[in-house]
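Please consult the sequence and the structure shown below while reading.

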Amino acid sequence: MNTFYRLFLTLTLFLPSFLGAQSINLSRLLTEMGDRDQLARFPSPLYESLQASSYNRESTTKEAPGWFADSDGTGFIRTEIINGKQEWVAMEHTGPGAITKMWAPYFYYGGLDDLEGPIINIYLDGATTPTISENYFRLITGKGSVPPPFARVTARAGNCYLPIPFAKSCKVTFSQKPFYNIINYRAYPKGTVVETFTMSQLRKSLSQMNQISQVLHSAYSADQGNLIRKNGTLEAGKEMQLSISGQKAIHQLEIFVDPEYLKKHPELLRSVVLMGQFDQQQTIWVPLGDFFGSPNELNPFQTWTRTVNSLGQMICTWVMPFKSAATISLQNLSSEPLPIQNFEIKYKNWAWNEKSMYFHANWRPDDIVQGSTFVDWNFIDISGKGVLVGDAMTALNPDYGWWGEGDEKIYVDQAWEKKTPTHFGTGTEDYYGWAGGENPSKDDVFSHPYLANIEVGSDTKRRRDVRGFNICTRIRALDAIPFSKRLVFDMEASPGVQIRNRWDFLGYSAVVFWYGQQGAIHNRSAQPLKAAQPIMTLKELDEMSLKEKQKK
């Protein structure tokens, strides 16, 4: 079946080029959703990854008044009278493109019990009759015309990943005043041949969608390939390596450790570092736990590209191509040994060309921010050519209140000079695909192919509250962000109103996953001294808070 499915992916993806046209259609985009190889090649045709959201329009340009304004749930473009009724325009684009993701909380202005919400109307290619017209909350939660897992519930929110391509234009409206919402979409170059989405195509694509769903929910790469492995004890101060030569691509990395041993020595999750060197260039340098959403303890979750289970198995399925040589290493910066039951990589042949890119994973270590100080906390600043494909954020919260009001601000190419983000979000939890409305709880932990709320309030013994570590991750496929010159990724450090005092401290760290062509550089160098230190603790933040309160 794996062989058949690989053939199916190949034919579906490349049939348009065989016919002599770069045609974009629903089937091709669905195939791309499950094709990890595709992420490792610079997009062709090159598209812009854009975003429409309800962010507060008081935020105009960086450093201007209102830059950190809250209440990001009321913004829209304008109102129009369409077919005799008033509609609120949330997104519009002229030219060929495709909607790639839609998010919103599934409650409305009346609060958590106000579940009716507006009708969403999606008008394609200038039509006055919408191609999709239905209740927005039902659409994004998988209860409408888009079946799970392409639309499904997370925590008080829904995410719809059904690609909706259009040849000439797209306009998205709501029948009532918009609440919090985010729409990601691609803008293709003028002249790109796109087959516009229809509901008939959707019905005919259900079989393909089922096949793609199986790929998205698998913890393993479907490729067989070759395998090399090691096991044994990684002694303090030592390194364990796996090396490959030739023009290849790693398609699966597995590390297996004893979970009981990690419970006794959780510091090893931070002080054992995962490194990757490709063609003599180090592109991966991240503590093992941070790479796998487990900087504090082993946190089970499963996404399309990373999986952790309670048995101590950690799997990565991002594809990592190279031209001549690759080395994946584990380096132990601690004073304790780490017994490793299995350390292996699977690899396959790869035809390297001008579109091929190197996989990068970079870490920003623990940083402390006062609740009274709003800043754009930088995940990464990249110069060169590549594609942003994912990230993970860890927030250490010493309070029982909400920690994540901050909006993502992602600048692509010239946007940084203009001080206007290409992507301007509505809140940290919104970026990671879920919603507020009440203080999060243990019930809000979830794992989906492209999203995971890995940990909520690690120090909270009750069901509710968020004291302790809070860890979120996002994987990008159709909503990946290409850049040709520069990408700057910021997230507002902006806690909830109840912890915005100078004595309230929050701890942040982050990992960014991206592909880059030769020569791409970034501002997240290796940090061995930071990784060798113990992870930030609640005790540390509590002591800082007490000292700050005692100041006059």
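Which residues does D444 touch, not counting residues up to four places away in sequence? In this predicted model, D444 touches A155, R156 and N453.

- D444 is located in the loop between α11 (428-431) and β28 (446-447).
- The relative accessibility of D444 is 5%, and D444 is buried because this value is under 20%.
- A polar contact of 2.9 Å links the side chain of D444 to the side chain of R156.
- D444 and I454 are 10 residues apart along the chain, and 9.1 Å separates their C-alpha atoms.

**Cis peptide bonds**
- Most peptide bonds are trans.
- The bond joining S44 and P45 is cis, with omega at about 0°; P45 belongs to the loop between α3 (36-39) and β1 (48-53).
- A cis peptide bond also runs from P148 to P149, where omega is near 5°; P149 sits in the loop between α4 (136-140) and β7 (151-153).

**Positive phi values**
- Most residues other than glycine have a negative phi.
- N83 is not a glycine either, yet its phi is positive, at about 55°; N83 lies in the loop between β2 and β3 (85-94).
- N83 counts as exposed because its relative accessible area, 58%, is over 50%.

Technical notes:
Residues numbered from 1 in each chain as written. Predicted model: local features only at pLDDT ≥ 70, side-chain atom pairs only at ≥ 80, totals over all residues. Heavy atoms only, no water. Helix = DSSP H or I, 4+ residues; strand = E, 2+ residues; numbered from the N terminus. Buried < 20%, exposed > 50% of the residue type's maximum accessible area, 1.4 Å probe, protein only. Contact = heavy atoms within 4.5 Å. Polar contact = N/O pair within 3.5 Å; in protein donor to acceptor, adjacent residues only side chain to side chain.
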